[in-house]
Structure formats: C-alpha cells, structure tokens
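Please walk me through this structure, beginning with the chain as a whole and ending with the surroundings of its ligands.

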Amino acid sequence: MSATATTQPIPTRPKSRVKAASRKLRELGIVGHALASTHHVVMAQIVPMRFCNLSCAYCNEYDKVSEPVPLDEMLRRIDHLARLGTSIITISGGEPLTHPDLDQIIARIRHHGRLAGMITNGYFLMPDRIERLNHAGLDHMQISIDNVQPDEISKKSLKVLDKKLQFLAQYAQFHININSVVGGGIKNPQDALTIGHRALELGFTSTIGIIHDGSGQLKPLGGEERRVYYEMTKLEKKNYSRFNHFQEAIANGEPNDWRCRAGSRYLYICEQGLVHYCSQQRGFPGTPLADYTHADLDREFLTEKTCAPNCTVSCVHQISYIDHWRAPQTRMTDPHGDHSDHTSDLINIEL
Ligand code: SF4
Ligand code: SF4
C-alpha cells in the first residue's frame, strides 16, 4: 500500500471467533425465518442523529444543527421495530457515534434478540469506544472510505482512518466491512483497490459501491472506473458473487429487473420517526413508525415501485432478493422522492 503505513495483520482474538460463530448462526436463523414467512421486516435502517461531523460533497443525509433524538424516543422506536418482527436493525445517520446514548440503543436492539449494525464514518473510534460497542453487543459495523487522501469531495480517507482501522482490528469483537466507492466525482478510481486490499489485510471484509450524481440517474462507469470495479470484485469473490449482477448492471448503466420490497421487508426510519421506503424515497409512505402495522407490510410487499429499474440502493436489493422467487407484485406506486445517492445505503450484511 503506497499512501499509508502498512502493518502486519493482527490476529483475531479467541473471543472474537466465538462471537463470529454465534453471529453466523443467528444470521442463518434470520435467512431461514425470512424464507419461511413474508410477514415481518428483515432489515430496518434507523437514524438517531442527523448531525454529522463531516460534510461529504455528494451527501444529503446530514446537517450541522440537529439535536440527537432523545433516548426514550429511540428506545420506543426500537420496540416498534421489534413489534414488526424486524430481524436486523442498522443504525445510520448523520454520524451515529455523535449520539450520546448510542450504546443503550444498541443494547435495546440486542435485548430484543435482533442483529445490531451501524454505519459510521469512523472518526470517533478509539480503543475505549470500541470496547463499549463490544459491551453493548454490536454485531456489524460498516465504514465507507472514499479515497486515499482527503480532498474537497470527501474526508473519509484511508490516510485519516487507517489508525482507526488498526484499533478495530485489535479491539473489535464485531464484524467489520469496509466499503469503497467509484463514480460520483471520486477523483482516483484506483483508490478503491488500495482501500480494499488494506481492509482484507486487516481481516475485514471489503465491498465496493457506485455513487451517482445528484440526479440519481444511472450513468455507466468510465473505462478506468469499470476496470477498478471488476478488479475489486475479484479481491474476495465470496463477498460479491451473490449480488454481482445488480451492481454490474448499475456499472453498465443498465436497468435491473427485480421486485423492490421496501416498505415491507426493508424500512428506513428517519430522525422524525417516519417510515420511508429508503433514503432515496423519503415521504413514501411517510407513516409514523408507531402507526405502522403488519397490514402496511403486506400492502407494500405487493406494491411495485416505478423507481426499481434504475435503483442504486443495493442493500434493499439484497434484502428483496430473498423473495425474488415468489409473490409477483399486483399494485403499483410512482414515488418521486429525493433521488440523491448516499453511499451509506450500501450495507453488506453477509446473508
Ligand atoms: S456521507 Fe456519511 S460521513 Fe459523509 S456527510 Fe454524509 S453522513 Fe456524514
Ligand atoms: S429507490 Fe430503490 S429501494 Fe428505494 S423504493 Fe425505489 S426501488 Fe425501492
């Protein structure tokens, strides 16, 4: 690796291996439950904090003024997600590590026996903070790293974050995925390869996402971007093989043929506690989580979304893939939400 200091891989601690085995069993249980029944949410993304310490140029998911959602309200929202049978709850933002009560939120997810994930920019990770996340019961963490050197587009850089990654390799008992990106104004596509190699060297998994411009329209990747994208998919084949075709179509600027189960198998809960299809389709359905019912889940399961062919939200596609073989959709909706992209959507829970 050229731009950052390289260290030897840090061996996984025995306690981490035990936790990884137990996590894998729980994940298999989630897949089995999802295959057996369509009447529950498989994954929800929930925002406790719209504030972010960074200002990535492509992002519309943050501000600089919002207060954290109060803890008692967050706990109520977690309880509602449990009522809807949600298997995986992923905390995102803004920057979740700026929420003062994040550990209690994670602990509440685990109290309900659900898988707890989070998406962070990693800036606030120190050994004691990581230990607290271990103690709270965090299962998965994703960090998106956009470039090797910080620039005006993004400060989520390997140069800044490499020390944090070393802390994680040494202390974390949860699974860590490093997501790198191509497209969307990222200057050096080959940075994604440097980031991917570093992630694997430290014992993490590595994935790649594709960012688009603010219009949300699919645009094929350029020649160098495409070369890097395919090189990345070879890095650790098992991470990519299942869902390659979705990302490949995006890379080629081609529509995907799939059934989006957002609003049913996947929910996005904003900081105001409203249910949205995803971060790109805010306002649909826009129902308060407290009022969301299994009847809503059943309706949205069978509702075709006209934005599906050009959708770039790979986590919803991954969740929807579980049901691709059943229940053709019989209703249709035509949402016209905010189509700006956000790389944090690209969570990669290894199902
Ligand atoms: S992409 Fe993430 S780190 Fe960057 S501004 Fe948005 S929320 Fe903050
Ligand atoms: S943007 Fe994608 S994930 Fe969101 S509702 Fe449309 S098809 Fe589903």
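The model is a predicted one, and its chain holds ten helices and eleven strands. Of the 351 residues of the chain, 45% count as buried. Among the contacts in the chain with a separation of 6 or more, 79% are made by residues 24 or more positions apart.

Helix α7 spans residues 223–235, and its 13 residues reach 19 Å from the first C-alpha to the last, which is close to the 18 Å expected at 1.5 Å a residue. Within α7, the residues Glu225, Val228, Tyr229 and Met232 are buried. They lie on the same side of α7, because the arc that they cover around the axis is only 105°. On the face of α7 that is turned away from the buried side, the exposed residues Gly223 and Lys234 are found.

The ligands come next. Around ligand 1 there are 13 residues, of which Cys52, Leu54, Cys56, Cys59 and Asn121 come nearest; by class, this shell has five nonpolar, five polar and three charged residues. The shell around ligand 2 is formed by Cys260, Ala262, Tyr277, Cys278, Gln280, Gln281, Lys305, Cys307, Ala308, Cys311, Val313 and Val316, and its residues divide into nine nonpolar, two polar and one charged.

Note on methods
Residues numbered from 1 in each chain as written. Chains lettered and ligands numbered in written order. Predicted model: local features only at pLDDT ≥ 70, side-chain atom pairs only at ≥ 80, totals over all residues. Helix = DSSP H or I, 4+ residues; strand = E, 2+ residues; numbered from the N terminus. Expected span 1.5 Å × (residues − 1). Buried ≥ 20, exposed ≤ 12 C-beta atoms within 10 Å, placed from the backbone. Arc of directions from axis to C-beta. Contact = placed C-beta atoms within 7 Å. Near = placed C-beta within 6 Å. Nonpolar A, V, L, I, M, F, W, Y, C, P; charged D, E, K, R; others polar.
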